[in-house]
Structure formats: structure tokens, C-alpha cells
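Subject: Structure handover

Hello,

Here is the structure I said I would pass on. My notes on it follow below.

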Amino acid sequence: MAVIRKTDIAAGMQAFDDWCAAAHALEGTAPRTQIAPQLPRPTMALAVRYSLHMLELKAPGPGVEVRVAPWGAIKILDGPASDPHNLTPPDVVELDPDVWLRVAGGITTWAEEREAGHISAVGERDDLSALLPLG
């Protein structure tokens with residue numbers, strides 16, 4: 001199942017742009033790894049889904065699952081897919097929505113968020129820094 005409906009892509013792009021603009025406006029008011037614009041829940045959901053969709057287009061494949069609960073999960077990068085008994089691939093990355101949007105939008109780096117303990121990653125391909133930011 002797609003992380004975002006085709007009919008929502010334009011609204012998702014706008015939501016991601018709105019989140020990035022709001023995050024940049026907060027720079028200097030808090031540590032970068034704590035920037036978290038307070039946008040309406042539907043806007044946050046669309047921003048996450050759109051940005052996950054963009055990552056999926058950038059690095060398709062079945063090898064790494066990227067989860068941003070509660071709004072989406074995708075599989076990216078080449079590599080071993082999940083086996084028939086376990087639908088999760090061997091590499092899994094989990095992030096909270098604000099953490100994901102910060103790295104996707106270029107507010108912080110993968111290394112900054114990992115060092116802050118904000119990224120849960122298991123597997124050999126647990127560093128997505130070469131794919132981020134998306135813009």
C-alpha cells in the first residue's frame with residue numbers, strides 16, 4: 001500500500017513546505033534537535049507521508065523499512081527483502097515525526113539526531129545520511 005494517495009501529493013508537498021518554513025522560523029529559539037513546529041495534526045501527517053514518499057522514490061527497494069509512527073512506513077534500498085514468515089526486512093529504522101521531518105527537511109543531520117538518541121535503527125544499513133535531506 002502506498003504511503004500517500006496520489007490525490008494527496010500536492011497537499012503533502014505544501015504540508016512539508018509549511019513544516020520546513022515553520023521549523024526554519026524557530027531556528028535559534030531552541031537547540032536544533034528540539035525544533036518541533038506545532039502544526040495541525042492533518043498537516044503533520046501529510047508532511048510525513050509526502051516526505052516518506054519522496055524518500056521511497058529516491059531509493060526504491062525492499063531492504064530497509066523506515067517507520068514514522070503513527071503516519072507511515074516505507075521500504076527502501078536494495079537488499080534482502082523480508083521472508084514469508086516475517087514481513088519486516090532485516091534493517092529497520094524508526095523515528096518520531098518531528099525527528100523525521102527535521103532530517104528530511106535539513107534542519108538537523110542524521111548524525112546529530114542519532115547522537116541525541118532520537119533514532120532507533122537496527123541492521124547493517126541503519127545510516128540514511130546519504131539520502132537526506134530530501135530537498
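A residue is called buried here when its relative accessible area is under 20%. That cut-off is needed for the helix α3, which is mostly covered: 8 of its 9 residues are buried. Please keep in mind that this is a predicted model.

First, the overall picture. The protein has 4 helices and 4 strands, and along the sequence they follow the pattern α-α-β-β-β-α-α-β. The radius of gyration is 14 Å, close to the 14 Å that the globule rule gives for 135 residues, so the protein is as compact as a globular protein of that length. Along the principal axes, the C-alpha trace spans about 45 × 35 × 20 Å.

Some totals for the protein are as follows. Of the 135 residues, 41% count as buried. The accessible surface comes to about 7100 Å², and carbon and sulfur atoms hold 55% of it. Among contacts with a separation of 6 or more, 61% are between residues 24 or more positions apart.

Next, back to α3. Its buried residues are P97, V99, W100, L101, R102, V103, A104 and G105. What do the buried residues of α3 pack against? Their partners are the helices α1 (9-26), α2 (41-58) and α4, together with the strands β1 (60-68), β3 (91-95) and β4 (119-122). Just after α3 comes G106, with a positive phi of about 80 degrees.

The chain then reaches T108, which sits in the loop between α3 (97-105) and α4 (110-115). Is T108 buried or exposed? Its relative accessible area is 4%, and buried means under 20%, so T108 is buried.

Leaving aside neighbours within four places in sequence, T108 is in contact with R32, T33, R102, V103 and E113. Two of these, R102 and V103, are among the buried residues of α3. With E113 there is also a polar contact: the side chains of T108 and E113 are joined at 2.8 Å.

To recap, α3 has 8 of its 9 residues buried, and T108, in the loop between α3 and α4, has a polar contact with E113.

Regards

Terms used:
Residues numbered from 1 in each chain as written. Predicted model: local features only at pLDDT ≥ 70, side-chain atom pairs only at ≥ 80, totals over all residues. Heavy atoms only, no water. Helix = DSSP H or I, 4+ residues; strand = E, 2+ residues; numbered from the N terminus. Rg over C-alpha atoms; globule rule 2.2 N^0.38 Å. Buried < 20%, exposed > 50% of the residue type's maximum accessible area, 1.4 Å probe, protein only. Contact = heavy atoms within 4.5 Å. Areas by Shrake-Rupley, 256 points an atom, 1.4 Å probe, with all protein chains shown as cover. Polar contact = N/O pair within 3.5 Å; in protein donor to acceptor, adjacent residues only side chain to side chain.
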